[in-house]
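Colleague: Can you walk me through this model? I'd like to get how the pieces pack.

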Amino acid sequence: MTELLSGIRVLDLTNVLAGPYCAYQLALLGADVIKVEAPQGGDLARQLGGSAKLNSAGMGASFLAQNAGKRSVVLDLKKQADRERFFDLVASADALVENFRPGVMDRLGLGYEALKTVRPGLVYCAISGFGQTGPMRDNPAYDQIIQGLSGIMSITGTPEAAPLRVGYPVADTLGGLVGAFAIASALVRQKTSGEGAFLDVSMLECILSALGWPVSNYLTAGIDPMPMGNENMTAAPSGAFRTGDGLINIAANKQEQFVALCRLIGRPELASDVRYAERETRKRNRAALKVEIEDALAGASAAAWEETLNRAGVPAGRVLTIPQVLAEPQVLERQVTAHFDDVAGMKKPLTVLRGGFMVDGEAPLPTKPPPALGEHMSEVFADLPPRTRTKARA
């Protein structure tokens, strides 16, 4: 049974990536996620993605990626009548997630303190670039801005090419994962004590937390982290290597793995060479060692070396493209994707990704496709209990 959050209702007031990705993780676990969208186009991600046709239909690929399993309602939170309907929704909810700039919900009269009067045990998660306090709290925050400020760009790429942006929105994605983790944790307390929580998620702090190793090297060992391309600062040989056909990542981080690697590539003498015999000497001479290894690897393809090395306990893997990895038997067997027919705005089936885990051997998959804007208005409001139906507030 993968619906660990069955019976939990989450209101998703978020846009673009961090917030929607957060709520998507909860939907995958069975939560009833209701996406509350503005009538003028809804989530901005509906207009983003590689297909101009889908963008114009309000079902952009960026939106489709992380909104399956949700229901959509349309409310203009600046209008009193819609604000009353929103309060009714809040009264029925267990959690709410938003990623507006700090203070926006308070100015609307819909901040945490106001919503607690309607739902005292509400778990309220606010995801922002820098958090709800501090001198940068009001700054606009996009993924690339956070990547630059966090230091992650300074250690990404080669010494000649850095600083470089990580090739996907890592700050947004980590912010969403941390938000989902915090909400799930707060829901445990809510269900045991009835107590709600205000969760203040900072994307900058999420990245800094994830940078634990390089940050610790600076704070503890006084080493300023530097970009190393595809090399691993903690070991050698550990990185990407050219073969006779394609790149392969090899992580011979242990002594026995290095000895086995030398034997398998037909260069056993490298293991006793004084330049490479120990971990620290290998790190100091990693460039020369890489030349020796790549010369030996040139005799076969990356795929062949991957099989040979892994069979002997030396961690190795080809460097694949996105299309290649999606076609891998490992990915296919683990049911990493879900498929939907008859998706609004699409003339072909839709494939989306699930989360990165399984529950009791089952893949948590979204139960319905991403919603059209406002698709579930009648359904959602008709299902509200009588005590929370729209009424004038005192």
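**Sheet and helices**

Modeller: Helix 4 (residues 80-91) lies across strand 1, strand 2, strand 3 and strand 4, at about 145° to strand 1. Helices here are DSSP runs of H or I with at least four residues, strands are runs of E with at least two, and both are numbered from the N terminus. Angles run from 0 to 180 degrees between N-to-C directions, with axes as lines fitted to C-alpha atoms, for helices over the stretch in contact.

Colleague: Where do these numbers come from?

Modeller: This is a predicted model, where local features need pLDDT of at least 70, side-chain atom pairs count only at pLDDT 80 or more, and totals for chains, interfaces and linings use all residues. Residues are numbered from 1 along each chain as its sequence is written, and side-chain values use heavy atoms, leaving out hydrogens and water.

Colleague: What's the strand order in the sheet?

Modeller: It's an open sheet of six strands, ordered 3-2-1-4-5-6 with parallel pairing; two strands pair if DSSP finds at least two bridges between them.

Colleague: Which strands stand at the edges?

Modeller: Strand 3 (71-74) and strand 6 (197-202); each has a single partner strand, so one side of each has no neighbour in the sheet.

Colleague: How many bridges join strand 4 to strand 5?

Modeller: Four, between residues 95-98 and residues 123-128, and the two strands run parallel. Glu98 has Ala126 of strand 5 as its bridge partner.

Colleague: And what does helix 1 touch on the sheet?

Modeller: Helix 1 (residues 18-28) touches strand 1 (9-12), strand 2 (32-37), strand 4 and strand 5, where contact means heavy atoms within 4.5 Å. Its direction makes about 155° with that of strand 2.

Colleague: Switching to helix 8: at what angle does it pack with helix 9?

Modeller: About 90°, with the axes of helix 8 and helix 9 (residues 203-210) 8 Å apart. They are therefore roughly perpendicular to each other (65 to 115 degrees; under 35 is roughly parallel, over 145 roughly antiparallel, the rest oblique).

Colleague: Which residues make that contact?

Modeller: Val170, Ala171, Asp172, Leu174, Gly175 and Val178 from helix 8, with Met203, Cys206, Ile207 and Ala210 from helix 9.

Colleague: Last one: what's the average pLDDT?

Modeller: The chain averages 95, and 97% of the residues score at least 70; pLDDT is the predictor's confidence in each residue, from 0 to 100. Over residues 387-394 the pLDDT is below 50, though that stretch has 17 contacts in the model beyond near neighbours in sequence.
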